[in-house]
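Me: Please take a close look at a single part of this structure, the interface, and go through it in one connected account. I would like each term to come with its cut-offs.

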There are 2 protein chains.
Amino acid sequence: MKCLFLIAIIQLLLQCTGKPLSGDDSYQKISEDVKREIAGYSDIAKAIINLAVYGNAKNRSYERLALFADTVGPRLSGSKNLDVAIEYMFSALQEEGLENVHLEPVKVPHWERGEEFALMLAPRSHSISILGLGSSVPTPPEGITAEVLVVSSFDELYKRAEEAKGKIVVYNQPYTSYGETVQYRAQGAVEAAKAGAVASLIRSITSFSINSPHTGWQYYQSNVPKIPTACISIEDAEMMARISSQGTKIIVKLKMGAKTYPDAYSFNTVAEIVGSKYPDQVVLVSGHLDSWDVGQGAMDDGGGAFISWEALSLIKDLGLCPKRTLRLVLWTGEEQGGVGAEQYYQLHKGNISNFDIVMESDEGTFMPTGLGFTGSDKARGIMKEIMQLLQPINVTNIYESGGGTDIDYWVKDGVPGASLRDDLSKYFWFHHSQGDTMTVQDPSQMNLCAAVWTVVSYVIADMEEMLPR
Amino acid sequence: MKCLFLIAIIQLLLQCTGKPLSGDDSYQKISEDVKREIAGYSDIAKAIINLAVYGNAKNRSYERLALFADTVGPRLSGSKNLDVAIEYMFSALQEEGLENVHLEPVKVPHWERGEEFALMLAPRSHSISILGLGSSVPTPPEGITAEVLVVSSFDELYKRAEEAKGKIVVYNQPYTSYGETVQYRAQGAVEAAKAGAVASLIRSITSFSINSPHTGWQYYQSNVPKIPTACISIEDAEMMARISSQGTKIIVKLKMGAKTYPDAYSFNTVAEIVGSKYPDQVVLVSGHLDSWDVGQGAMDDGGGAFISWEALSLIKDLGLCPKRTLRLVLWTGEEQGGVGAEQYYQLHKGNISNFDIVMESDEGTFMPTGLGFTGSDKARGIMKEIMQLLQPINVTNIYESGGGTDIDYWVKDGVPGASLRDDLSKYFWFHHSQGDTMTVQDPSQMNLCAAVWTVVSYVIADMEEMLPR
């Protein structure tokens with residue numbers, strides 16, 4: 001309040017002197033008062049960092065996550081494991097004494113992969129490692145045995161569409177970036193089906209592999225036949241491309257027992273530290289509790305969920321009471337397109353003016369480098385200032401774009417959004433694969449991520465003013 | 001001859017002047033004549049490099065290997081695939097017009113893994129990725145279901161031996177180096193069995209994993225019960241260690257259908273460029289043709305075998321006729337302890353004085369850095385000089401130790417030995433795993449390896465004198 005009042009006075013004075021602030025300047029510059037206010041959190045930031053990185057809470061988020069991931073295992077939408085995970089977290093948050101611990105019902109897709117395999121029958125016998133893609137239809141019980149057409153792009157498929165009829169299309173597209181290459185996983189089956197293919201096998205969306213297939217969601221289109229679809233390893237995709245380039249016929253038998261059940265009940269899991277002064281105003285920290293059905297979902301998104309939980313724990317441990325409510329949301333159904341987040345948005349969007357910032361960690365909790373941020377220039381200026389509080393651990397960067405699957409609904413509506421940024425160099429090596437386990441997580445990196453997450457969320461929750469939109 | 005004669009004259013002159021050469025100096029220094037002789041190969045070395053790296057033979061070793069590996073697949077000792085591989089190579093070497101192409105019979109172990117799996121039944125259901133170890137006995141048809149004892153070292157096993165009785169011992173030993181850590185794979189079953197364990201599961205011998213188990217040979221001891229043994233991934237070993245450290249009981253069901261058959265007939269595959277002046281004297285270049293039964297054996301040891309073949313091809317393409325015979329040997333049964341190499345040694349050791357140098361490439365064909373070498377100081381001096389011919393591609397290092405499984409019999413008997421050295425940083429990530437495929441091979445790196453291998457083997461085969469022992 002004080003801050004906004006001062007700005008108003010200064011603007012008025014400037015207007016009286018005939019020197020209007022340029023629009024840009026007024027947004028980019030934050031007042032000295034706000035700078036002082038943020039600098040005033042220096043000791044608290046240090047206390048949070050000390051507790052998270054060197055103190056009693058050191059390695060806690062890692063250890064909690066390990067116990068959780070080892071106990072529950074992977075947590076696919078609609079699965080018993082996801083129910084167990086939600087119950088586990090509900091109890092843990094309650095036992096810790098967090099406030100308003102509750103579950104918000106969500107209807108989520110329920111797809112199971114069942115038994116699945118692929119065999120190259122010709123030119124020689126070879127077992128192809130596959131992971132069926134989420135929402136894929138099954139093959140007939142006897143499987144599909146067909147010749148393979150290998151293409152390296154959609155363009156090649158369109159050009160050779162005549163050859164695809166009755167075949168299994170194998171995509172051996174190069175990996176450029178996840179965002180660009182993932183279209184082959186998402187739309188590979190539809191494009192192959194349009195050309196008359198009977199199934200599609202897609203090179204996994206990663207730059208590195210130890211014969212490791214990666215799963216993920218894929219999307220059928222109405223009026224296009226639904227064909228079974230799975231990802232294969234880089235190695236097998238490249239091998240079939242080489243064999244095919246020799247003019248040698250490849251025959252593959254694909255068997256998938258995938259099954260889609262009616263939507264299941266699930267829950268977003270919520271806990272709070274209720275604000276001392278503006279309890280209706282909310283700083284939301286989040287990660288998703290569901291995962292794919294392979295590995296342990298330790299990285300995607302156990303890490304993000306557990307550093308979000310850790311933010312509340314650290315603040316509670318330090319006896320801090322932010323002015324605004326700090327709300328932890330552990331989303332469900334993220335891997336099916338952010339189903340839990342979408343339903344949360346529909347339920348709470350009426351209260352959007354009270355959402356100060358929405359924060360999501362869903363791109364790893366490796367060595368942190370800073371935050372992605374979407375918001376007004378002025379809010380960005382404040383965020384930059386807040387990040388200076390993290391100089392003791394040298395994580396001070398603010399990058400473009402703070403969106404993410406689970407917060408984008410809010411961000412598109414103008415709520416400031418922040419996402420954790422970290423060293424992603426190996427992230428997609430493990431993503432949606434059997435390699436997403438606790439082995440890839442590093443306790444000291446998680447400590448640093450938790451410190452960043454906590455300092456930022458606490459300071460925003462405690463400042464006099466909400467972030468300007 | 002000329003060279004030795006000059007050295008003798010110089011030595012005689014020095015002795016006459018009362019200044020005896022120190023023993024070390026006489027070995028380390030090579031004569032100016034030899035230096036000149038080696039420098040005289042500069043143009044030939046450049047021609048080899050140009051052909052291998054930039055010319056018509058560019059990428060040939062990679063392309064040949066890809067066609068071979070894609071056609072044949074993995075080639076376990078005793079398998080049909082290994083027979084196919086040997087026939088394939090015999091034909092290819094003959095078709096190329098190499099000399100004395102022939103097969104030398106070898107009796108090799110014949111072990112097959114059969115169907116195998118492991119399930120963690122408690123505290124939750126989880127499929128454990130395994131690869132049974134070569135020579136392992138099977139489980140009973142119904143499998144073995146037992147509680148797990150996790151240890152991190154043999155020492156811990158010895159201390160907790162009382163607890164191991166009737167259990168499945170899981171080794172979660174840290175990876176220090178392959179040479180040190182591989183003892184757990186080789187002896188893990190025996191040590192566990194001594195303590196009364198019913199099976200052993202061993203963390204794979206690698207520093208990095210995407211839930212990837214690695215196989216390999218293991219050794220039973222007489223008077224110690226033979227128990228089934230397999231490797232598991234780093235991830236599962238670490239997970240069971242964490243669960244166990246919580247005091248939680250782990251139950252695993254292990255099923256292995258491994259079978260040991262009577263020894264099979266196999267062959268070392270040999271081809272030559274017969275020496276123009278000293279045809280009985282031999283420079284041997286080699287790699288092994290057999291592999292494990294997973295992946296494609298492209299790295300271990302397809303790469304080594306195919307750059308060795310490439311050495312003969314490049315020399316033939318350039319119309320070069322070395323004075324000594326250049327002999328390619330593609331070993332069989334290396335993965336079972338160098339069975340083919342041992343039988344080759346027994347057969348040919350009578351001719352040992354005619355073996356100039358034995359060269360083996362079996363530690364990757366990634367970016368080459370030089371050669372490991374074992375031999376006299378004087379021979380080392382000559383090798384250093386020869387490596388200077390590789391300055392155009394900046395691969396000039398000579399390291400200690402040029403041994404290897406397939407040449408050690410000769411090296412121990414005093415024959416100079418050389419092994420290719422290259423960037424091993426990812427080698428053990430793929431070694432003996434499903435990840436050992438053409439995808440890990442790089443054509444331009446193979447070109448460089450082939451150039452090194454060819455220049456060195458040709459120059460040694462063509463110099464006036466054999467390397468001094």
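Reply: A salt bridge is taken here as a side-chain nitrogen of Lys or Arg lying within 4 Å of a carboxyl oxygen of Asp or Glu. The model is a predicted one, in which local features need pLDDT of at least 70 and side-chain atom pairs count only at pLDDT 80 or more, while totals for chains, interfaces and linings use all residues. Residues are numbered from 1 along each chain as its sequence is written, chains are lettered from A and ligands numbered from 1 in the order in which they are written, and side-chain values use heavy atoms, with hydrogens and water left out.

With contact meaning heavy atoms within 4.5 Å, 32 residues of chain A meet 32 residues of chain B. The two chains bury about 2300 Å² between them, with 61% of this on carbon and sulfur atoms; buried area here is the accessible area (1.4 Å probe) that two parts lose on being put together, summed over both.

The count of salt bridges between chain A and chain B is two, and R242(A) takes part in one with D70(B), where the closest N and O atoms are 2.7 Å apart. Six residue pairs across the interface are in polar contact, both residues being at pLDDT 80 or more; such a contact is a pair of N or O atoms within 3.5 Å, of which, within protein, one must be able to donate a hydrogen and the other to accept it, and residues adjacent in sequence count only if both atoms are side-chain atoms. On the side of chain A that touches chain B, α5 (60–72), α10 (234–245) and α15 (427–430) each supply at least two residues, and α5(A) gives the most, with seven.

From chain B, R124(B) deserves a separate look. R124(B) sits in the loop between β2 (116–122) and β3 (126–128) of chain B, and, leaving aside neighbours within four places in sequence, its contacts include A69(A), D70(A), T71(A), V72(A) and Q296(A), as well as M239(B). R124(B) is buried but has no salt bridge, the nearest side chain of opposite charge, D70(A), being 5.3 Å away; Lys and Arg count as positive and Asp and Glu as negative, with His and the chain ends not counted. The backbone oxygen of D70(A), however, lies 2.7 Å from a polar atom of the R124(B) side chain.

N211(B), in the loop between β7 (199–203) and β8 (229–232) of chain B, counts as buried because its relative accessibility is 11%, where buried means under 20% relative accessible area, exposed over 50%, and partly exposed in between (1.4 Å probe, protein chains only). Beyond neighbours within four places in sequence, N211(B) is in contact with Q434(A) and G435(A) in chain A, and with S129(B), S233(B), E235(B) and D236(B) in chain B. Its side chain makes polar contacts with the side chains of S129(B), at 3.3 Å, and S233(B), at 2.8 Å.

Conventions. Helices (H or I, at least four residues) and strands (E, at least two) are DSSP runs, numbered from the N terminus.
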